[in-house]
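Here are a few friendly notes to read alongside the model. Please have the viewer open as you go through the points.

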Amino acid sequence: EDVMVTDSRRLAGVAGLVSVAFSLTVLPLYFVHSGAPPDSNVLTRILLGSLGLISLLVFSAAWGQIITDTASDRPWLSAVTTTPLVILIGLTFVHFSFEAGTAIATLGPVDPTREGVLAPAQFLLQGALGRLLSLAFLAGSAIAIMTTGFLPRWLARAAVVAAVVQACFVP
């Protein structure tokens, strides 16, 4: 196996696991307070979430390189697969900015995921737009895995199932 492919796989694996670890750390922070969370909670989850997004960006680059190396006859497949993920990362940074801005600029406790002038924009960012971009990434990944065989086929099937779930939640 090519050293570049091996290095890309290793980097994608580590970056993906780090991103998941940050996500699993951040997620409970959204639910530890029954009412409006303190600013420290909001800013902590945004800092940790941002580190997770940076890891996801590294994953995206390595994942794209793996697809490029294994599907060299389809140079478009890497871009079609990773571009939605990179856009999703950018939108999530925007969402984080909305949350942080609401928490910082509002006097008194506020739940920036539900309150404030920017909350409705977050519904779209985390809702339909995020689902569509996730669907595109998962579908592209499934196609890349199925057509090249660089990972087990069950992962491609799992990506298809996850893509269908994302599609169900778009509305």
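1. On the face of α5 turned away from its buried side sit Trp154, Val161 and Cys168, which are exposed (over 50% relative accessible area, with a 1.4 Å probe and protein chains only; buried is under 20%, partly exposed in between). Helices here are DSSP runs of H or I with at least four residues, numbered from the N terminus.

2. A word on the source: this is a predicted model, where local features need pLDDT of at least 70 and side-chain atom pairs count only at pLDDT 80 or more, while totals for chains, interfaces and linings use all residues. Residues are numbered from 1 along each chain as its sequence is written, and side-chain values use heavy atoms, with hydrogens and water left out.

3. Ala156, Ala159, Ala163 and Gln166 are the buried residues of α5. Seen down the axis of α5, they fall within an arc of 75°, so they line one face of the helix (the arc is that of the directions from the helix axis to the C-beta atoms). These buried residues pack against α4, contact meaning heavy atoms within 4.5 Å.

4. Helix α4 also meets α2: Phe59, Trp63, Ile67 and Thr70 in α2 are in contact with Phe137, Ser141, Ala144, Ile145 and Thr148 in α4.

5. Do have a look at aspartate 111, in the loop between α3 (76-105) and α4 (119-148). Aspartate 111 is buried, with a relative accessible area of 10%. Leaving aside neighbours within four places in sequence, aspartate 111 is in contact with Ala36 and Pro37.

Definitions and conventions:
Helices (H or I, at least four residues) and strands (E, at least two) are DSSP runs, numbered from the N terminus.
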